[in-house]
Amino acid sequence: MSKLLVVDDEANIRLLYSEELADEGYEVVTAANIAEATEKLQLSSFDLAVLDIKLKNESGIELLQQLVKERHDMPVILCSAFSCYKDDFSAWLADGYVVKSGDLTELKHEIARVLAKKAQKLKAGL
Amino acid sequence: MDWECCWDRDVIVMGDCPNIHEGDEDLLTSKRRRILEKCSECENFKRDLVRFSDSSHPLAPVFYLVHSEYQRQKTQIQSLVSFLDNKTLEIRFMHELGFVLQSSVDLEEVLSVALTAITAGKGFGMNRAFLLLADREAGLLKGYLAIGPRNLEEASHTWNEILGNDMDLKTLALNFRQNKLSAERAKFHDILEQLTVPLSSHEHITIKALDSKHPMLIEDAFHHPDVNPNFAALLGVDTFLLMPLISRNRRVGLIIADNCITHRRITDEDMHSLETFSFPVAFAMERASLYDKLQIELNRVTEAGKKLKEQQELIVRMENMALVGRITSSIAHSVRNPLMIIGGFARSMLKNTPSSDPKRDFIESIVAETHQLEGVLDEILNYSDSLYPTRDFWDVGQLVESALRDTAEVLMTRGYASGYSSENDLPAVYIDFKQLSYCLRTILQSDINGMGDDRTIAVRSYRDGEAVVIRIEDRSRSVSQAELDHILVPFSETRDLGAGLGLALCKTMLDKQGIPFEALAFPETGIVYTIKLPTHKEEQ
């Protein structure tokens with residue numbers, strides 16, 4: 001079972017992700033901010049992280065940069081209310097980008113795609 | 001005693017006096033005037049005077065003395081009158097010159113007046129004049145302009161022409177400026193070029209004259225110790241005048257004048273007159289030159305003012321845009337998240353609600369409405385995003401390939417195939433990458449209904465003059481030109497928000513970047529989109 005870290009400042013969104021992604025068979029751990037995410041990352045390892053970009057007074061992009069540097073083997077999907085970040089350089093570090101929607105199909109597809117790619121890489125020994 | 005002269009007769013007839021000619025008829029009957037104006041110079045009268053002196057009359061020596069003194073004073077008066085006449089002419093000329101010079105701030109006009117004044121018969125009557133200007137920045141005394149004939153034939157022609165048209169100085173100068181200035185400059189181009197001397201060459205005769213700030217008359221130039229023989233050979237005359245032009249103690253330039261055709265002697269009087277003339281000329285030249293500089297600065301200031309105004313307007317626009325950005329950002333966060341939560345949980349509930357449950361319809365309505373609202377939100381956010389493009393130079397291949405990559409999955413799901421071909425070595429294009437990327441994705445994923453079996457989209461990029469064209473041939477979709485034009489109008493009457501603002505938004509974005517966008521519908525073969533991307537900033 002793949003273990004996902006979901007970082008979002010909205011409690012209801014964290015709940016929605018937890019429910020929906022758990023239904024898809026993932027183990028979901030949530031965090032409301034960077035500090036909480038960092039703490040959880042220290043306690044456990046994750047197969048993938050889903051990050052919101054706007055985290056109250058923080059930026060998910062900062063966390064993304066930190067993860068790319070420290071956890072380069074863990075893919076990250078950015079999930080944001082803003083479609084404009086999709087073409088932003090800073091967002092290009094992420095393995096996937098999904099615009100927030102009540103329909104989580106795209107997010108679920110993206111998670112599956114990125115995990116499959118990661119598995120392929122591991123298989124290939126890269 | 002019989003007198004030889006007619007001084008003792010009250011009335012004479014023509015022929016009695018050898019000094020009275022046609023036009024002097026008044027003197028025939030005016031004895032007094034005849035004696036005063038003609039007799040004192042008359043040889044007959046002089047002989048009568050000798051005879052009178054020999055007559056031993058006591059008044060004879062006195063009369064002889066008075067007559068001699070009268071003659072001397074008359075000559076002196078005539079000389080003074082002649083001198084005063086000359087001075088009057090000179091003052092009139094200087095007055096006219098001063099008036100013309102003072103009324104002009106155009107350097108070319110001032111120079112035309114100056115050179116015309118030196119060479120005009122009504123002016124100083126020199127045959128030829130060269131004007132050299134001090135270029136302080138380049139450190140050179142540069143040959144700038146010349147006037148005068150190069151040979152006798154040309155001189156005769158020019159002087160006859162001037163004599164034939166009785167023109168004042170201003171008209172002469174205007175005529176020179178309008179009709180002859182360029183030709184004269186070209187005529188003396190070779191000499192003017194060679195006359196150029198560094199201002200630091202203090203041994204050169206021209207710089208010496210300039211440094212001394214006083215006119216120099218050079219005679220026997222070919223053997224003059226201070227004159228370089230090449231310089232004398234260049235001018236081709238052995239006598240010339242060097243007239244420095246000094247204004248406010250600053251070296252403005254130098255005039256070289258000579259009488260290369262007539263070889264008339266240049267007198268001290270010529271020098272003094274020219275020196276007097278040189279002050280207002282130098283002053284007018286400096287003033288015109290300063291005026292030119294002032295005009296340039298004024299233009300710069302005007303241009304800067306214009307730019308400043310544009311910048312101010314831009315700042316206001318950007319502030320407005322920033323405000324729009326902040327508002328949309330706020331909307332994005334404030335609206336999208338609740339929408340997502342409502343829609344997300346509604347979907348979750350729907351999954352676990354049996355089809356027989358009467359509440360399922362309500363939940364389905366919530367899902368559909370939130371989906372619709374999310375569509376509206378996307379369009380509003382994309383539209384506001386289009387208001388402030390951020391342009392830079394980008395690779396077209398990268399742009400098209402990333403758009404094709406992003407849309408590949410959707411196109412595949414819909415049963416479309418896409419292909420891309422490009423000319424080699426295309427230049428970078430100056431665009432807002434994000435917006436162009438959005439446009440390409442939108443065109444590729446257009447919601448216009450597909451048709452037929454040939455569901456292919458061919459993308460090609462190629463150079464067209466200074467631009468790079470992206471041509472997208474969508475052979476799978478059918479629409480009339482009128483409908484397509486309608487689709488390209490944002491928020492048009494028949495299209496509701498959330499019903500697909502995409503192509504209209506693309507057009508708006510491209511219009512705002514000044515990028516030509518064309519969508520042509522061919523009912524039988526599909527739609528062809530062409531986007532002409534600039535390769536230079538100026539084309540924006």
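Residues count from 1 along each chain as written, and chains are lettered from A in written order. Since this is a prediction, local features need pLDDT of at least 70 and side-chain atom pairs 80 or more, while totals for chains, interfaces and linings use all residues.

**Exercise 1.** Work out which helix of chain B gives the most to the side that touches chain A.

Start with the contacts (C-beta atoms, placed from the backbone, within 7 Å): 24 residues of chain B meet 17 of chain A. Next, look at the helices (DSSP runs of H or I, at least four residues, numbered from the N terminus). Helix 11 (268–351), helix 12 (360–385) and helix 14 (433–444) of chain B each supply at least two residues. Helix 11 gives the most, with 14 residues.

**Exercise 2.** Check the span of helix 13 of chain B (residues 396–413) against 1.5 Å a residue.

Take 1.5 Å times one less than the number of residues.

**Exercise 3.** Find the edge strands of the open sheet in chain A.

Write down the order of the five strands, 2-1-3-6-7, with parallel pairing (at least two DSSP bridges between two strands). Strand 2 (27–31) and strand 7 (96–99) of chain A each have a single partner, so one side of each lacks a neighbour in the sheet.

Note on methods. Contact = placed C-beta atoms within 7 Å.
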